[in-house]
Amino acid sequence: MLENKTENFSVTLKKFKTNIKGLLNAKKDRLVLIIMSNTHDPALKIGCAKDAIAVKKTFAEICAHTGYQFCSIEITGVNYNYKNLFKTLDGVGLYNDVTVFYYSGHGFSYQNDSRYKYPQLDLRSHDNQPDFNKINFIEENTENLKVLLQIMRLYGGRINIAIADCCNTVIQFTRKKESATEIDIANELMVAASKKFTKQLYADHRNQVCVLVSSSTHGQPAIADNEIGSIFTHYFTEIIKGLLTKQSQTGQYFPWVKVLKGTSEKAFKASRSYNIGNDIAGKQKAVFEVYIESDDNYEKRMSKHGW
């Protein structure tokens, strides 16, 4: 059963913050997982509920394998809204070893906007009926995945991972200037994506690592199956389960790029067997990037921008 489904969110958040603070005081390595799953939407709730359960179990197993302490919180059901997400981000504390944001729900891109390849996430509350015919409603109730990753990064954690399993289909509106500026700032503050990702770079505690993942590229739908949940998440968790079964305890390195490449290939192949409308086969391609930066360079860039 999903936690937070009926519990008052302030109580849930307080427990979450207390857990993190206790581990920080004890100087224990921490992986903090934030799950935001749209379990209140009739069209998505079955798949999103399966996604949340699978992801929480998977990251708990990663922690058992790598020696991290596991802290998690779920923003689901009646607690699902924009404000609770940002309350949670404020509550993760500073300098966690790994912070993961996982999203399962609706997502989209704007028209003529392919240079921004990561989706806008639908963060409207469970009782807020969508009005996607009004651009102001859209702008007030969504956030771009890359902007969320940058917000996570400003808390100073060494490894930050943002994963969205959602559609990236195009809506009728163009992006407003304010939204474009927000993403441009995030792009400016983020280093260029790394073309190589090695165990040495990842494990070096002088480096900050960011991983950004969308289950679908610009203009494409993501496929959810009520039997297995969203197909990207299904293969993501299955590949990790197989990897952990085969490998012995290997310390705190985890081969994210290998996992994401395998997931992308399997999800694409599986999507071809689904009808996404008008007898058109799915063609779901994931997009992901890894960013690596030394602490010294990060501090210089943050100082330059006044952060």
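How do the axes of helix α5 and helix α6 cross, and within what distance do they come? I began my notebook with this question, keeping in mind that I was looking at a predicted model.

**Entry one: α5 and α6.** I looked up helix α5, residues 145-153, together with helix α6, residues 177-189, and found that their axes come within 9 Å and cross at roughly 50°.

**Entry two: the residues between α5 and α6.** On the α5 side I listed Lys146, Val147, Gln150 and Arg153, which meet Glu182, Ile183, Ala186, Asn187 and Leu189 of α6. Sorting this contact of α5 with α6 by class, I wrote down four nonpolar, two polar and three charged residues.

I turned next to helix α3, residues 82-91, whose axis and that of α5 come within 10 Å and cross at roughly 30°. Because angles under 35 degrees count as roughly parallel, I recorded α3 and α5 as roughly parallel to each other. For the hand of the crossing of α3 and α5, I noted right-handed.

**Entry four: the residues between α3 and α5.** Here I found Leu85, Phe86 and Leu89 of α3 making the contact with Leu148, Ile151 and Met152 of α5. When I divided the residues of this contact of α3 with α5 by class, I counted six nonpolar, no polar and no charged.

Technical notes. Residues numbered from 1 in each chain as written. Predicted model: local features only at pLDDT ≥ 70, side-chain atom pairs only at ≥ 80, totals over all residues. Heavy atoms only, no water. Axes fitted to C-alpha atoms, helices over the stretch in contact; angles between N-to-C directions. Contact = heavy atoms within 4.5 Å. Nonpolar A, V, L, I, M, F, W, Y, C, P; charged D, E, K, R; others polar. Parallel < 35°, antiparallel > 145°, perpendicular 65-115°, else oblique. Left-handed = near helix turned anticlockwise from the far one by under 90°.
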